[in-house]
Every structure is written in structure tokens, then in C-alpha cells.
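Biologist: I'd like to learn how to read a model like this one, feature by feature. Could you walk me through it?

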Amino acid sequence: MHKLRGLVDLETAYPARPGFSGDPSPAFVEFKKSEIEQSIANCFEQRVQRYAERTAVKTRRDQYTYRELNQAANRIARAVIAQCGGQSNQQVALLLEHDAALVAAILAVLKAGHVYVPLDPAFPYARNCFILEDAQAQLLVTNSKNFPLAQSLIRGDQRLLNIDELDAGLTDDNLGLAISPDQLAYILYTSGSTGQPKGVMQNHRNVLNDLRQYTNTLYISCDDRMTLLYSCSVNGAVRGIYGALLNGAALYPMAIKQEGLSRLANWLVEEEITFYHSVPTVFRHFTETLTPNHKFPKLRLIRFGGERVLASDVAAYKKHFSDTCILYTGMGATETGHVREFFIDKHTKIPGGIVPAGYAIEDKQVLLLDAEGAAVGLNREGEITVKSRYLSLGYWRKPELTQAAFKADLCGGDERIYRTGDLGRMHADGLLEHLGRKDFQVKVRGYRIEVAEIELMLLDLPEIKEAVVMGREDSRGEQSLIAYVVPDPAAQASPKPPTPSKLRTLLKTNLPDYMVPSTIIMMDSLPLTPNGKLDRRALPALGEIQAVREDSFVAARTPLEESLVCIWADLLKMEKVGVHDNFFELGADSLLGMQIITRVNSTLQVELVLPILFENPTIAELALAIIQAQSATAENQEIKYLLDQLSSISDAEAQQLIDGGK
């Protein structure tokens, strides 16, 4: 349990400086400061010597011990070196699904002395093309499953490496390359305000320093079994992968979109997971699938990252998890790593609706500055600014953007300053509260999004004259993207004018699903201020948009539609849902879609999969798809019955039965 220390203005609500009480596990080994002065690959090889036969990675398809994972990575690394012609410090792109092979490939690129650039097979083709070109990667590592897609992505003299077809003569010994801790480790692409993603660079030393703090604060040891639910293309996966593999723990990747939220609870129990890590949105949807019968006896820690945490998330944690399980959250960014942390147990109270960003982390000083760059006092609002020697190296091939975001410390030394664009308020004991963004950047499901990128995509469409995108809070307390668009008059007068569904489809060709607005509002014009500038405050709020839907509302007409209406209304937190309301235009996303499908399957005794909801996004369409699926099931059962009958009777009797069926 954590000791509580009172804050004058928060009435003894928050715990004191974070940390577990009592002693760590006997298996815990402190991550020493001296260990950050090496490469990630070298650090991993040290863990292989110590934990050779322990499980390193386990998925539904594969399971590697530390020795086996190291050997697999060494063979891939030698193939990478051969493909790169002996050059070092080259960008190597990875196109692999969320599985053990991807982890081996990441380690392989680091062992080879190169820089990995993760792509995501689920991303739109155009986005992967851009990242591959912008990163200047000359080699794309893939497998047989993704080889056709990889072939279509490469241009010019870019090369392909299929890790399923490695030369049998490649040895699996360590390479022994001297790799500086200052060398680049990876480039991760985040949303950019210029209309294209931007690459954030990080070196080996900074990754290891962040991992050292993470390990020592949470007592991560070889006894831990840690989830990997994040895509490896985002920063959340960095701590997951290295938090496990640089501590002798077991890493358990799971692709939620393919596996489904309904399987997550049983998987956590079956695999005896001790350390759960996701964005709060995923946790929110996950806990809504739980019943009082779900117990997680091995789970000792729940870790949130990437989004603000609501009081309702804390309530769900307290309801479903044991008294020995601790909730750990905080604040960070791809450019800074983790900068604040906050522990919650069953006795922690959260005044208001938002969990604070937390307390200081070693080597990451947080300053609050005003618009002129001067420090603000306690309990005053200011921009959250991070000062450290362990910040990102900047943005790949964007020196102007790097210079604007990262500043040298005016006091001298090797520390730098990064202005996050987030607003905060500091309390007397060092507790930081996060007060939102000062610009139009939005966090959706843990992904940082520059709305300007989406706006530019909309304006590139010939059907659109004007567009603006906003982040709005929906009825579940989650950030949702809304696009307000003014169609081009010629397009509006055409036989096939633009519709929200059509625009969403067009956006999906260039943007990942988390960047496609859940609601698109067609407007005659955008509101302007007296000075002729866009008046964002005058744009219709979600409540006003909801009222517009009443004009076209059609109630359920059959018992099946009524059942679907009840399911949708419950999960969407809406009083009324019409049979022609589009699932995605109601503000839903793929995570909520998983819940819908799970509930429909259990309620109606059918076996639907998530894509059927994408293809039939209204209740009327989904009801028809269910009827067709049930008819096909009944027909298959009838055919099976007939075949069973035919197998047990004579030829003459079979012919008579067939003729009778006709």
C-alpha cells in the first residue's frame, strides 16, 4: 500500500512520491546507471547469458526462449548486413505483423548496427509508401505473408529481405559489433501538421535510460509476464518490448484487432500475465466485457500511457482487479519518453474527473512556461516544458522543425528543452496536473494527431471546398474526431454528391483508421469571426449534431432490429439509435465495433466477425446480414444432415431421398 500525504488544496487525496511499499521480488535486479552506456543489442545479449532458457516471447503461433530469440535475431542480422553491403547506421524498414518474428527483426536490425523504421501492414498503402520513402530506407524486411505488399511498396534500388527464406548457411552466433550508445536506434513516425507524418529519432542511450527508470520504479523482473498490445510503430511499444527483454521477463504480443477484446480476459488468466499495458481507451472497452466472475490472480500491475486517465477508469480498476494490483500512469511523449508518474491503489481518491499527470521522474525536469518563455508560479497555468539530456534527437530530415521544438539550455551544459504544447499546473509538493493542449493537436486511442494533416487530406479531395477538424469529447469521455466540411458547389450539384460515408472511404486510402473522423458534418459554410477568421467555437457541438439526426430518425421495425438497437444504444451510451444511423458516424471506432460484435454474437447466438460491421454499418444492413448468415448456417446444417443420411443408406435409398428433396 502507498502512504498518503495531504495536499492543502486537494484534501489528502493523492499518494506521496510514487513507489511500491515493501520489498521487490527476489528475482528483481536493479538496472544500474552505468548500463546505459552501451547499445540495446549488447544489453540484450547480457540478458540472454543470464536467462537463456526462460521464455522471451510467446504468441499464439510462436514461443522463443531468450537463447532461441537471440539466435533468430543473429541470423536475420547477418542477412541484413549482407543486403546493406557492409555499410553501417542505415535505415531498415520492417513490414511484419504483430508477432514474435517482428520482435526478432527489431533486435536483428539493432544488432547489425542499423536503424529500424517500423511500418504497419494495417496502415493505408499510401502512408507506408511515404514513410518508406521519407526514411530513405534501402532495405525492407518482411516475411512470406507480407511479401506481395512489400514488393509493391519498394521503389528504385530498394531491396527486400524475406526472413522466412534466409540462407541456411547463416550462423546464429553473436555478431560482436561495436555500436555506440549515441547511435540512432529507431525512427518512429507520428502525425505531422504539414500534412505528412514526421519521424522522431531516438538513440540507444536514451532508450536504456528510460528503461532503467521504468525497471527500477516498477521492480520489473524475470518473473514478470508483460503484454504487448501497442503497434510497434508507436512509442508505447518501445517500453513494452525492452521493459521485458532487457529484464529477463516474458513478452506476450497480442493483436487485439485480430484476436478481439472478448478473448483478452481469458488470455490474461491463461498466460498468467503479471503486467498489463495499454492506452486507457483499450482498457475502458476491455473492462466493459468483464463480469464479476472474471478474476486476475497473477496481475500485479496495470500500466496506462498515451492518453489522459478518467476517474471512471480508476473505478473500473478498483471494481475488477485485486487489492494487490496497482495502477500506474503518468505523462510522456515520443520526443521525451516518460516524464511524470502516478500510482493508484484501492484507497486512492481522485477529485474531479481526471487523474493527474503525477510526480517527477529522475533525469526529466518539468518546467511550466508562459507565452514569453518565463516560468510561471505554483498553481498557475503554463506550457509543460521538459528539460533533460535524454530527449529525442529531433525530427528526421526536418531541421527547421527540430530547431523550433528543441532548444539548448540557456544555462549551458548538455541538457536541452522541449516544449510539449500541453498545458499544466504544478502543486506545492510537485504534483503536476495536465490541463489539455494549447493547440489543435489531439490524442485518440494513444495516437498523437495533428488535425492539420487530416484537414489537408480533405482539402486535397476535389469534392471539398473547405474543411476543419476538431477533437471533441464524446459521451464516454473519450476524444473523438469531427470533420466539418463545405462541399464544392459543383460536386454538391452532381448526380453523386459527396456524403460522409463516401468521404470516410476516401480518407481511409491515405489515413490509418484512428485518424479518420468518426463524424463528418456537411455544412453550407464555416462560421467566421468579425475579422474573417474561422470561428472554431461556433462550430456545432456533439449535442447539436445529435439533434440534427432526429430529422431522419427511423425506429426499429422488427424484433431483430430492436435487439440490435438495444445493443448499440447501450454500448454507444445513447438514448436513441435509428436503423439507418451509420455506426461510425455515431462516433464509434473499431474498438467499440469489437464490443458490438461480441455482444451481438452472445445475444443472438451467431458468429459474426468485425469486418461484417464495416461492410454493414447500419442496423438495417446488419440485421439483413445476420438473417443471411443464419440462413446460410441453416442451409449448411441441412446439407450436413443430408450427407450424414446418405453415408448410412444404400445407393437406391439415397437416390430416393434426393428425388424426394427435389
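Biologist: Let's start with the open sheet of 3 strands: what is the order of its strands?

Modeller: Ground rules first: this is a predicted model, where local features need pLDDT of at least 70, side-chain atom pairs count only at pLDDT 80 or more, and totals for chains, interfaces and linings use all residues. Residues are numbered from 1 along each chain as its sequence is written, and side-chain values use heavy atoms, with hydrogens and water left out. In general, strands of a sheet pair through backbone hydrogen bonds, either parallel or antiparallel. Here the order is β24-β25-β26, and the pairing is mixed. The labels come from DSSP runs numbered from the N terminus: helices are H or I with at least four residues, strands are E with at least two. Two strands pair if DSSP finds at least two bridges between them.

Biologist: Which are the edge strands?

Modeller: β24 (464-473) and β26 (519-522), each pairing on one side only. From one strand to the next, the twist averages 20°. β24 and β25 (residues 479-487) run antiparallel and are joined by 9 bridges; E473, for one, has Q479 in β25 as its bridge partner.

Biologist: Which strands does helix α15 touch as it packs on the sheet?

Modeller: Helix α15 (residues 500-508) touches β24, β25 and β26, and its direction makes about 125° with that of β26. Contact here is heavy atoms within 4.5 Å. Angles run from 0 to 180 degrees between N-to-C directions, with axes fitted to C-alpha atoms, for helices over the stretch in contact.

Biologist: Now a helix on its own. How many residues of α18 are buried?

Modeller: The general idea is that an α-helix has 3.6 residues a turn, so residues three or four places apart point the same way. In α18, 11 of the 15 residues are buried, so the helix is largely enclosed by the rest of the structure. Buried means under 20% relative accessible area, exposed is over 50%, and partly exposed sits in between (1.4 Å probe, protein chains only). Among the buried ones are L591, L592, I596, I597 and L604. Helix α18 (residues 590-604) reaches 20 Å from first C-alpha to last, close to the 21 Å expected, taking 1.5 Å times one less than the number of residues.

Biologist: Which residues touch the most other members of the largest nonpolar core?

Modeller: Nonpolar side chains tend to be buried together in soluble globular proteins. A nonpolar core is a set of buried Ala, Val, Leu, Ile, Met, Phe, Trp, Tyr and Cys residues joined through side-chain atoms within 4.5 Å. In the largest one, with 161 residues, they are Y242, L245, Y276, F286, I302, F321 and W568. Helix α3 (residues 100-111) supplies the largest share, 11 residues. A second, separate core has 20 residues, including L119 and W396.

Biologist: And Q38: buried or exposed?

Modeller: Buried, with a relative accessible area of 10%. Q38 lies in the segment before α1 (40-51). Beyond four places in sequence, the contacts of Q38 are C43, Q46, P181, H204 and L208.
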